[in-house]
Amino acid sequence: EAIIEFSLSIIVIEDEPGDDEEALLSQLETAFQFATDGALDRLTVPLAMLHGGPPLRAPVGDDIDLTGPARCLSFGPYLRLPEGPWEVRFEFMSWGNDSHNTLEFDAVENGFVVGGQTVNLVESGHFSVSFLFAVNDRMAALELRSHLSVGAINGGFKLIAVEVCSARHF
């Protein structure tokens with residue numbers, strides 16, 4: 001068993017690393033370089049670094065049934081980024097939203113929401129949402145979250161990608 005620590009998140013890889021684990025290790029190495037030296041301007045967050053549920057803290061990437069109460073759909077990966085302006089983009093699929101579900105996406109630094117966007121789902125499809133936020137403390141862990149903001153009687157959700165990029169050019 002190998003344990004890799006990345007900021008506050010811990011990812012456990014069982015047995016010997018296979019192709020998927022090797023790819024994740026490579027992505028984590030890139031993410032670590034990105035978060036520590038600021039040399040990279042764009043990071044696609046490996047979905048294996050995000051958590052969701054049920055069960056609590058389950059890896060993200062599978063279909064999520066939206067039926068039920070309001071709840072967090074994904075959270076993590078607790079990045080540490082250089083201070084300044086940033087943009088995050090969530091790419092996702094959603095279907096069967098007869099009750100017109102509402103999703104919220106946000107960025108949280110030190111327990112405070114520093115940016116976010118709300119999406120009202122009235123149809124099925126492949127979507128993306130992005131928003132700007134500012135990192136005020138490079139030592140603070142940044143969390144990127146998606147939520148079902150109101151209980152739903154039906155519908156599905158699948159997170160496809162999360163990308164963070166420097167917005168210094170704005």
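Predicted model: local features only at pLDDT ≥ 70, side-chain atom pairs only at ≥ 80, totals over all residues.

Me: What makes a residue count as buried here?

Reply: Buried means under 20% relative accessible area. Strand S13, residues 142-148, has seven of its seven residues buried, so each of them falls under that 20% cut-off.

Me: Which residues of S13 point one way and which the other?

Reply: Leu142, Leu144, Ser146 and Leu148 point one way, while Glu143, Arg145 and His147 point the other way. All of them are buried.

Me: How do you know that S7 and S13 are paired?

Reply: Pairing takes at least two bridges between two strands. S7 (residues 71-75) and S13 have three, in the antiparallel sense, so they pass. Serine 74 sits opposite serine 146 of S13.

Me: Why is S8 called a partner of S13 too?

Reply: S8 (residues 77-79) has two bridges to S13, running antiparallel. The requirement is at least two, so S8 and S13 pair. Here leucine 79 is opposite leucine 142 in S13.

Me: And what joins S10 to S13?

Reply: Seven bridges, with S10 (residues 102-109) and S13 running antiparallel. At least two are needed, so this counts as a pair. Leucine 103 has leucine 148 of S13 as its bridge partner.

Me: How many helices and strands are there in the chain?

Reply: One helix and 14 strands. Among contacts with a separation of 6 or more, 74% come from residues 24 or more positions apart.

Methods:
Residues numbered from 1 in each chain as written. Heavy atoms only, no water. Helix = DSSP H or I, 4+ residues; strand = E, 2+ residues; numbered from the N terminus. Contact = heavy atoms within 4.5 Å. Buried < 20%, exposed > 50% of the residue type's maximum accessible area, 1.4 Å probe, protein only.
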